[in-house]
Amino acid sequence: MLVRHKTYQRQNLFLTLFVFALILTCMMARLGYLMIYRADYYGVLAKELHERERAIKAERGKILDRNGNLLAGNVSVSTISVIHSQVKEPERVISILSKELEIDEATIRKKVEKVSSREKIKSNVEKEVSDRIRGYRLAGVTVDEDYKRYYEYGSLASKVLGFTGGDNQGIIGLEVSYEKFLKGIDGSILTMTTAGGTEIKNGAEDRIEPVAGWTLTTSLDLNVMKYANQVAYTLLEQKQAKTVEIIIMNPQNGEIYAMVNAPEFDLNHPYELTEGSEGLSQKEKMDKLNNQWRNLAVSDTYEPGSTFKVITTAAALEKGVVKMTDTFSCPGYKIVEDRRIRCHKTTGHGAETFLQGIMNSCNPVFMEVGARVGVSGMFEEINRFGILKKTGIDVPGEAGTIMHKKENVGAVELATMSFGQSFQLSPIRMLTSISQIINGGKSITPHFGVSATNSDGTVMKKFAYSSGDEVITEEKSKEICEALGHVVTEGGGKKAAVEGYMVGAKTGTSQKLPRGNGKYIASCMGFSPVENPQVIALVRIDEPQGLYYGGTIAAPAISSIYTNILPYLLEE
């Protein structure tokens, strides 16, 4: 019995030792696994526990005009934050930050008392204010360097340049289109801390320097923009218009010298409504801001009216259905099916050649020419000229053309299409298509971006755009240029003339929908020189009060702009 008991004890002892050895072996294996195979992983965790990372904002790339003038740059600002574990005098911190940052104490207190590694109090703090805060030497308060976007000319080209948000990221315009080139790469500061999150004095500090964004050189020209802006605001005031848009471009390569959308807004205060926000709900204010930021020259559509007759002319010449010497008769109207569609000269132009029809902007002539081209022919040609496609301009929000479906176009629709009514397209689409017709017949893409350079001035990228496809023969292009030159010297575009320069032009007047509402859009397209166009412009005046004809109010605007910019652009 005693022997059996001792044997039982030995078995229990052996079992206990075995279990202990097994547990010890497992623990050693686990420890070996953690120390050897998982060493990198837990090393990173330990490092994260004892390091605090603070971002160093990269300086955003500048935006320049074609001559190197600064349009968008940066000013030094700061981001103010608190580190809960390091705050020693919370009441003093709350009081000082509330006073200096003009934030109520309750908001500051909530962030100071929040147990977290870091709480941002305010960004984009002016240097003068941040220097004062730094001078208080508040434990637990950090003042980190940052940049704020600054626009040298306030509202100039606001809807083209766009602006940035609180995080310095592009919101609209070129700022968002070229975000990946402009934004740069943020750096960081790594400081050593205790497990409780307190920074270790004299501890090692790792710093990764930020990489500044690239500078964007654009095709915009500061001098041209100023002249165009002045003309737009003069029209806005004198004609009490809703808006005025002006685009000035090189028709040979699509480089845009100026794009005005009056009224513009202050890029340095983009969230301030130009017409005030008193009494508006947050949604109403946001809707108004979105409208205020909208680039109507790109994102809006309108009935082009008689400026579209340039397209009809090109289509008819390419199809070979008309010559400049062909004769027509205008009694002041044309009967199309059951519709009597009148000419702007209700008494009629009488007998006239096609060239005279262009000069007189005669609707019956163009209805006849449109009928000769036919529905299939017209759609074939407007496709060739890109009317139904977006231009691909390098700012966001481009509107597409609103056009009849081909199968729904009858004689009446074809007639109204031929003189630019019953469909809509954007101003930039209109100007681009005409540019392709007058530049010798080659396709272009309108654009602002030219190149991007790094902080050393090295060109990192030259932007390329689709161009060069033939849309009309060079012979027909020259013929149309000459005809549009006659519009200025002898026809309805005389007020677009500029002393010392040969200008070609086509005016337009279209009534807004619904018909009979008394609201019109007056426009004029003009280019120079006639024999080799280097500059083209479009002026569009939305809902002018009083006289509203394009030849009366938009053509003089072309003349005024060109009187100032042609000596500068063509003789530089």
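Reader: Which residues make the nonpolar surface patch of about 720 Å²?

Author: This is a predicted model, in which local features need pLDDT of at least 70, side-chain atom pairs count only at pLDDT 80 or more, and totals for chains, interfaces and linings use all residues. Residues are numbered from 1 along each chain as its sequence is written, and side-chain values use heavy atoms, with hydrogens and water left out. A patch takes residues with over 30% relative accessible area and no salt bridge, joining nonpolar side chains (Val, Leu, Ile, Met, Phe, Trp, Tyr) within 5 Å and like charges within 9 Å; areas follow the Shrake-Rupley method with a 1.4 Å probe, only the protein chains shown counting as cover for residues. The patch residues are Phe14, Leu15, Phe18, Val19, Leu22, Ile23 and Met27.

Reader: Is Ile23 buried, partly exposed or exposed?

Author: Buried means under 20% relative accessible area, exposed over 50%, and partly exposed in between (1.4 Å probe, protein chains only). Ile23 has 45% relative accessibility, so Ile23 counts as partly exposed.

Reader: How many residues apart in sequence are the parts that Lys57 and Asp146 tie together?

Author: A salt bridge is a side-chain nitrogen of Lys or Arg within 4 Å of a carboxyl oxygen of Asp or Glu, and Lys57 and Asp146 meet in one at 3.6 Å, N to O. Helices (H or I, at least four residues) and strands (E, at least two) are DSSP runs, numbered from the N terminus. Lys57 lies in the loop between strand 1 (51–56) and strand 2 (63–64) and Asp146 in strand 5 (residues 141–151), so the pair ties together parts whose separation in sequence is 89 residues.
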